[in-house]
Amino acid sequence: MRQWFRIAFPRNPLERRKRAGFLFVLPALLFFGSVFILPLAQSIMYSFYKIAPGGAKEFVGLRLYEKVLTDPTFWTAVGNTVQLLLLSVPTTVVLALAVALGLNRITSLKWRNLWASMYFLPFATSLVAAALIWQWIYDPIYGFLNYALSFVGIPPQKWLQSLAEVRPAIAAVSIWVRIGFDTMIFLAALQSIPEEYYEAANIDGASAVQRLRYITLPLLNSQIIMVCILELIFNFKIFDQVYATTQGGPAGASQTIIGLLYDTAFKYFRFGDASVMAVFVFVTLMLVTLLQWRFLRKPVVY
Amino acid sequence: MNSIAQSVKPDTRETRATRRVHVRWVIMLAVASGAIVVFFPFFWMAVTSLKTSPEIQRVPLQIAPDHWLNLSNYVEVFKREPFMRYLLNSAIVAAVAAVSSVVVSSLAGFGFAKYQFPGRDVFFLAVVGILMVPFQSVVVPLYIWMNDLGLLDTYAGIVAPDLVSVFGIFLMRNAIETIPNDYIDAARIDGASELRIFFLVVLPSVKPAIATLLIIKFMWSWNEFFWPMVVISSPQMKVVTMGLMSFTNMYFIEYNLLTAAAMISILPILVIFITLQRWVVQGVVMSGLKG
């Protein structure tokens, strides 16, 4: 307490300097406090209240939790999200790792940069634009994908309009968007591995597989975990790609948690129900992040 | 050394070398074909945007457009929708978000990196902890706030949650930490105020980080979709990602128009991105934050 009094009323240059430091971080603290901390508290509070459109609130305890958590629509959305996640996260990470390993082997800097930028390009586009381009490629009648598949004898598929194919199709869009981002992280890590490690392994007669297994992968361990977590979080919050194309359809087969939250809050204006979902999303992602900190024993800071 | 070399077959070294060359080519080929697959949707978007509506409905599909210089779709995009306005809205929002992010983040980064004050480490951890709070979890209260403040459907409302990012504070703190304390102390001895030190010593030495943050933040804001969907309701306030959606409301989506609109929406970012890619990559690598 006295420390804070000294900051408010500094007596000497040293205390004035401390005050300056605090004032420098103050705008950021105020921002995060009002845009994240306070609304988060409100979200938690709203999840216990029934809110009438006029703004009148009525405390209902855990009733909204009971309602949302027993609603099959909610669990379908959770199931869809998890399925999308399982389809896209491992694929993205494995492909990105493969691409990074490949890029790292290309000695010509010019070519390496060219290929790397091509992989990285989707990262710069908005998810909306990406999804809409893919929707056109997926078009059942005029789309390029069915056209290309016809050459290998595969009949036209309905992709985004099919109950079974809609999730893999959307997962492919997420993979396409994210692969370059992960590749860049892996490539930077690969390039920081000292060449001597490989030279030593070569002298010992290690094969390429052994070098990968015993040098590269262990040294990339923290990046792999970090990328997995980032992808997990990114894909758990999937919304743009779905909303721009299927809007959750056909028949709810691609409805995701955030999609349902959006509809509940801003289509039906059931803020209480949406707040329960918001708390669910927050708690789930917090558990994931805490898991990450456990794995890495420190937050990912470079 | 010699005895080992002689004990293996004499041609081993040569075959190994040629195999290595082969492997190199296989890798090069795999990487290149993957890159081409990843690039294909961009090519397909560009080609489609040059076709007419009957052309894109041709069976069997034809790759090349009839006229490579047919820009009528681009003209039509601006006629159908106030697309210029959408671009302008996005530019305003993204520019404000980027600049404000740089200002607030570099101030905070300086405070966290170079000052001792009570609670500093706790505050920094709290800022890192914000990463755990997904924006979607706070969107309902924020919407109610914006409604109460009369900021729905205004620039201020669109940009408000986007003014600072944890990523920026990280980036700036890490950059400012590398400035030698001697420089700062020297300026102090010369009688410079703390704010003057910030402007004259700190900011000029972290120009690369500032460039990185400006570009990445501009890109993120430009591509934002979820929050604009929540706050914006009138057509003239729409940002470009929402503007794209206007071309999907028909029974048969006119993909020739949609791809032209998508090209226009992506182009500004792509130009920035390609010319300044070094900074973007640096930003991604320096902290792979924000999902």
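## Burial and overall form of chain A

A residue is termed buried if 20 or more other C-beta atoms lie within 10 Å of its own, exposed if 12 or fewer do, and partly exposed in between, with C-beta atoms placed from the backbone. By this criterion, 44% of the 302 residues of chain A count as buried. The structure is a predicted model, in which local features need pLDDT of at least 70 and side-chain atom pairs count only at pLDDT 80 or more, while totals for chains, interfaces and linings use all residues. Residues are numbered from 1 along each chain as its sequence is written, and chains are lettered from A and ligands numbered from 1 in the order in which they are written.

Chain A contains 13 helices and 2 strands; helices (H or I, at least four residues) and strands (E, at least two) are DSSP runs numbered from the N terminus. The radius of gyration of chain A is 25 Å, whereas a compact globule of 302 residues would have a value near 19 Å. This radius is taken over C-alpha atoms, and the globule rule is 2.2 Å times the number of residues to the power 0.38. Along the principal axes, the C-alpha atoms of chain A fill a box of roughly 65 × 65 × 30 Å.

## Overall form of chain B

Chain B has 16 helices and 0 strands. Its radius of gyration of 26 Å is well over the 19 Å that the globule rule gives for 291 residues, so chain B is more spread out than a compact globule. The C-alpha atoms of chain B occupy a box of roughly 80 × 70 × 35 Å along the principal axes. Of the 291 residues of chain B, 43% count as buried.

## The interface between the chains

Two residues are in contact if their C-beta atoms, placed from the backbone, lie within 7 Å. On this basis, 73 residues of chain B are in contact with 77 residues of chain A. Helix 2 (residues 12–48) of chain B gives the most to the side of chain B that touches chain A, with 15 residues. That side of chain B has 55 nonpolar, 16 polar and 2 charged residues; Ala, Val, Leu, Ile, Met, Phe, Trp, Tyr, Cys and Pro count as nonpolar, Asp, Glu, Lys and Arg as charged, and the others, Gly among them, as polar.

## Backbone features in loops

The peptide bond between Gly249(A) and Pro250(A) is cis, with omega about -10°. Pro250(A) is placed in the loop between helix 11 (240–245) and helix 12 (257–266) of chain A. The loop between helix 11 and helix 12 of chain A also holds Ala251(A), a residue other than glycine with a positive phi near 50°. Ala251(A) is exposed, because 10 other C-beta atoms lie within 10 Å.

Trp159(A) likewise has a positive phi, near 45°, in a residue other than glycine. Trp159(A) lies in the loop between helix 7 (144–150) and helix 8 (166–191) of chain A and counts as buried, because 23 C-beta neighbours lie inside 10 Å. In chain B, the peptide bond from Val59(B) to Pro60(B) is cis, with omega near -5°. Pro60(B) is in the loop between helix 3 (53–56) and helix 4 (72–80) of chain B.
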